[in-house]
Amino acid sequence: MPQLLCYGAGRTVREPLLKRLAGVPSLVLVPMAELGLVPWHAARPAGRRRYACQYARISYVPSARLLCEVAARPATARPGAARQAPVVGNPAHDLPHAGEESRALHAEFHPGGLLLGPDEVTSLLMYMTHHHMSREGRSPGRALRTAQSWMLDERREAPPGMPAALLPRVRHIDATDPTGWPGFTHLGW
């Protein structure tokens, strides 16, 4: 079902929108009602290999008013800015790889934060998103898009410093499966 949703969104919206906005590096969407259930960044027409997030950085906000508020805030992305962030990873201990994921994020990117705590694909996506924010100083939206592009690259390679427990998963990502990486979105500007 998620695959069909992504195909439909790709055919009816992604292609016409991206053609009209060619060269636009980022889009902020305010999906209303049922449209908020569609992973627009994972939209692609059937038979096509590229997803919408490979053409543009896509963020979501719940309202245009909030977009204006967030856009007016000063930028905070800088290397090491979130070193004290708490890391919450599967406090119920019922997800197979969540503990690994949260320990890796805590050790590599937020060692001063509090460790309070999803699967193979999301652990790689989360690691790469934090890698791009902490090591490269990217904003959260840019970091997520870069991580998504990395996930979709069939020639992806692990960056230096990736924990050994995550390394074997790098070559086994099924980028065509929309149940792993598309579940993460950037909210805000």
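This note walks through a predicted model of one protein chain, point by point.

1. **Ground rules.** The model is predicted, so local features need pLDDT of at least 70 and side-chain atom pairs count only at pLDDT 80 or more, while totals for chains, interfaces and linings use all residues. Residues are numbered from 1 along each chain as its sequence is written, and side-chain values use heavy atoms, with hydrogens and water left out.

2. **Overall layout.** The protein chain has 5 helices and 3 strands. Helices (H or I, at least four residues) and strands (E, at least two) are DSSP runs, numbered from the N terminus. Along the sequence the pattern reads α-β-β-α-α-α-α-β. Of the 189 residues of the protein chain, 42% count as buried. Buried means under 20% relative accessible area, exposed means over 50%, and partly exposed lies in between (1.4 Å probe, protein chains only).

3. The 3 strands form an open sheet in the order 1-2-3, and the pairing is parallel. Strand 1 and strand 3 are the edge strands; each pairs on one side only. Two strands pair if DSSP finds at least two bridges between them. In general, strands of a sheet pair through backbone hydrogen bonds, either parallel or antiparallel.

4. **Strand pairs.** Strand 1 (residues 26-29) pairs with strand 2 in the parallel sense over 4 bridges. Here leucine 27 stands opposite isoleucine 58 in strand 2. On the other pairing, 2 bridges join strand 2 to strand 3 (residues 186-187), and these run parallel. Serine 59 stands opposite histidine 186 in strand 3.

5. **Strand 2 is covered on both faces.** Strand 2 spans residues 57-60. Arg57 and Ser59 are buried on one side, and Ile58 and Tyr60 are buried on the other.

6. Tyrosine 60 lies in strand 2. It counts as buried because its relative accessible area is 6%.

7. **Histidine 41.** This residue sits in the loop between strand 1 and strand 2. Its relative accessibility is 1%, so histidine 41 counts as buried. Tyrosine 60 and histidine 41 are 19 residues apart in sequence and 9.7 Å apart in space, C-alpha to C-alpha.

8. **Helix 1.** Helix 1 (residues 2-20) has 19 residues. From first C-alpha to last it reaches 26 Å, close to the 27 Å expected at 1.5 Å a residue. The expected span is 1.5 Å times one less than the number of residues. Helix 1 bends by about 45 degrees at glycine 10. That bend is the angle between axes fitted to the seven residues ending there and the seven starting there. The buried residues of helix 1 include Cys6, Gly10, Arg14 and Leu18. Strand 1 is part of what covers them.

9. **Helix 5.** Helix 5 (residues 140-152) has 13 residues and reaches 18 Å from its first C-alpha to its last, close to the 18 Å expected. Among its buried residues are Leu144, Trp150, Met151 and Leu152.

10. **The largest nonpolar core.** This core has 16 residues, and those with the most contacts inside it are Leu124, Trp150 and Met162. A nonpolar core is a set of buried Ala, Val, Leu, Ile, Met, Phe, Trp, Tyr and Cys residues joined through side-chain atoms within 4.5 Å. Helix 3 (98-109), helix 4 and helix 5 each supply at least two residues. Helix 4 gives the most, with 5 residues. Apart from this core lies another, of 10 residues, among them Val38, Ala43, Ala52 and Ile58.

11. **Tryptophan 150 and leucine 125.** Not counting residues up to four places away in sequence, tryptophan 150 touches residues including Leu124, Met128, Met162 and Ile173. Contact means heavy atoms within 4.5 Å. Leucine 125 lies in helix 4 (residues 120-134) and is buried, with a relative accessible area of 0%. Leucine 125 and methionine 151 are 26 residues apart in sequence and 7.0 Å apart in space, C-alpha to C-alpha.
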